[in-house]
Amino acid sequence: MSVNIPFINEFSQLPEACFSRVLPTPVSQPTLVAFNHLLADSLGISSEHDAGLAAVFSGNQVPANADPLAMAYSGHQFGHLNPQLGDGRAILLGDVRDNRNQLRDIQLKGSGRTPYSRNGDGRSPLGPAMREYLLCEAMHALGVPTTRALALVTTGDTVYRERREPGAVFTRVAASHIRVGTFQYFALRRDEKSLRALADHTLARHFPDISPESESRYLELFTEIVRQQAELIARWMLLGFIHGVMNTDNMTVSGETIDYGPCAFMDNFSRSKVFSSIDQQGRYAYQNQPAIGQWNLARLAEALLGLFPGDEYDAVAAATQVLNDYSQWHQQAWESGMSEKLGLGTTAEQDRQLAEDLLTLLEQGRIDYSHFFHALAQCTEQDADRTPLLLLIDPAIPGDATRQQLEEWLNRWQDEVSNRTSPETAAQKMRSVNPAVIPRNHRIAEAINAGEQGDFSVFYALADALRSPYQEHPEFSKGPRSGEEVLRTFCGT
Ligand code: AMP
Ligand code: MG
């Protein structure tokens, strides 16, 4: 075998109700498009040649010691409970310990049908696979907890969606693939044995600091999951990221961002922004994400309630307290992140208003969110040239009220900077948190269009720039020109 993966497969030791063992379905002509060597090294994966990698990461060759399976889960999709979901187009090859001794899942996506496929074909078109590759690696480089991309292989087969598309298999690495919906699955079936086994596995795997002897260990588990989600969603908000499908089956308990479908980074700032073509009510709009996170976590609380200490009344009271704390944890994470984005170092009472006023102006002026924050670092000095910032206001907006208000805001902000820190320190801090490059929709679309024609040079160049998002990459930093904007994103499943 030319590829060695040191599988240990702890997940497959869980009760059989948690999964179905299933093998990937072979593809016609596997060709390796991308392989993340650094990540592979950290997982102890070794290989002799690319053909071996293509065979393994297309599912054509199952590596020794793998224990392939599809995981069972339920989920609230757009608010409606679907009791029977599960990996319909994904197969977990197994888990390994990485070089920091953390357990990591290796999962193929698009590797054929499973018992959970329902009417789906178990396959993935190339476009969504390229998209997930670019987005999760960009999020990682931006410092956001996320699943990772290990490999991208084209299959040589056609996938039929609204049109004929080239097929691909994407290999994902995750701290685990345990979702809110995984717990819901067992709670709905009143399978307490599996629920408890899953909770114990989650505790040992993600929260080793919680004592397995503690009587309140499951409540502590819930609390930590809630805390991490509150912080994760604050990170998304600070970057202008919209997940797009925050169903409970797309929310991990590890605190990692997962399931990059119709997600997007905003260009022009708008609180009510929605990209996903299937999100017709705007349930998962940018500004709704914190509240939706809390709603999803309330569904997790319902699933775990029977494991909390005390009677049902005590359990509900404890869960409610944690869910209330969520709002505060989220707000704190967002405020301290905003103070950093504004170069203010510490968080002060007035920062929240300063930030909210800025967001209102960005919205009013249809200003590019990431571009603005990145350019703001040039203006920490009182006598700095503000023209580049003012030019970000949409010229189609009549009058110069927005311009004047933005000038006033800049005065307020510069006063705050000079009262709290030095302009140099502020600028330096700002450059380390406000990216020069984000995975913009029109750039991703460009890479996918070329990739579908067999030209991956655009994809490689974009992936390369996104690996160092805080450095200048002038060719990738700009927002879309008129006519280049992508207004809708698709699941593409
Ligand atoms: P997602 O859109 O990733 O949240 O997927 C929702 C559910 O649909 C999951 O259970 C997926 O496994 C399943 N699914 C999505 N696409 C396919 C497909 N092409 N074939 C089979 N199942 C699918
Ligand atoms: Mg999903």
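Colleague: Let's start with Trp413: which residues does it touch, not counting residues up to four places away in sequence?

Modeller: Keep in mind that this is a predicted model. Here a touch means heavy atoms within 4.5 Å. Leaving out residues up to four places away in sequence, the list for Trp413 reads Leu342, Leu354, Leu376, Cys379, Thr380 and Met430.

Colleague: How many residues are in the largest nonpolar core, and which of them touch the most other members?

Modeller: The largest nonpolar core has 129 residues. Trp413 is one of those that touch the most other members.

Colleague: What about the second core: how many residues does it have?

Modeller: This one is separate, and Val3, Ala66, Leu150 and Val173 are among its members. Its count is 21 residues.

Colleague: Back to helix 12: is Glu416 buried or exposed?

Modeller: Glu416 lies in helix 12, which covers residues 401-420. To count as buried, a residue needs under 20% relative accessible area. Glu416 has 14%, so it is buried.

Colleague: Which residues does Glu416 touch, not counting residues up to four places away in sequence?

Modeller: Leu354 is one of them, and that residue also turns up among the contacts of Trp413. With the sequence neighbours left out again, the contacts of Glu416 are Leu344, Gln350 and Leu354.

Colleague: Now strand 9: how many of its residues are buried?

Modeller: Strand 9 runs over residues 103-109. In a regular strand the side chains alternate between the two faces of the sheet. On one side of strand 9, Leu103, Asp105, Gln107 and Lys109 are buried, and on the other Arg104, Ile106 and Leu108 are buried too. The tally for strand 9 is seven of seven.

Colleague: Which residues stand opposite Gln107 in the strands that pair with strand 9?

Modeller: Strand 8 (residues 90-97) pairs with strand 9 in the antiparallel sense over seven bridges. Strand 12 (residues 164-174) also runs antiparallel to strand 9, joined to it by five bridges. Gln107 is the bridge partner of Leu92, and in strand 12 it faces Arg172.

Colleague: Which residue takes a positive phi in the hairpin of strand 8 and strand 9?

Modeller: This hairpin has five residues between its strands. One of the residues in the hairpin has a phi near 65°, and that is Asn101.

Colleague: Why can we say helix 4 is largely enclosed by the rest of the structure?

Modeller: Helix 4 covers residues 180-188. Its buried residues are Val180, Gly181, Thr182, Phe183, Gln184, Tyr185 and Phe186, and they pack against strand 6, strand 7, helix 5 and helix 7. Helix 4 is largely enclosed because its buried share is seven of nine residues.

Colleague: Where is Arg118 found?

Modeller: Arg118 also has a positive phi near 50° and is not a glycine. Its place is the loop between strand 9 and strand 10.

Colleague: Last one: what is the radius of gyration, and why does it make the protein as compact as a globular protein of that length?

Modeller: The protein has 16 helices and 14 strands. For its 493 residues the globule rule gives 23 Å, and the model's own value is close to that, so the protein is as compact as a globular protein of that length. The radius of gyration is 23 Å.

Definitions and conventions:
Residues numbered from 1 in each chain as written. Chains lettered and ligands numbered in written order. Predicted model: local features only at pLDDT ≥ 70, side-chain atom pairs only at ≥ 80, totals over all residues. Heavy atoms only, no water. Core = buried A, V, L, I, M, F, W, Y, C linked by side-chain atoms within 4.5 Å. Buried < 20%, exposed > 50% of the residue type's maximum accessible area, 1.4 Å probe, protein only. Helix = DSSP H or I, 4+ residues; strand = E, 2+ residues; numbered from the N terminus. Rg over C-alpha atoms; globule rule 2.2 N^0.38 Å. Pairing = 2+ DSSP bridges.
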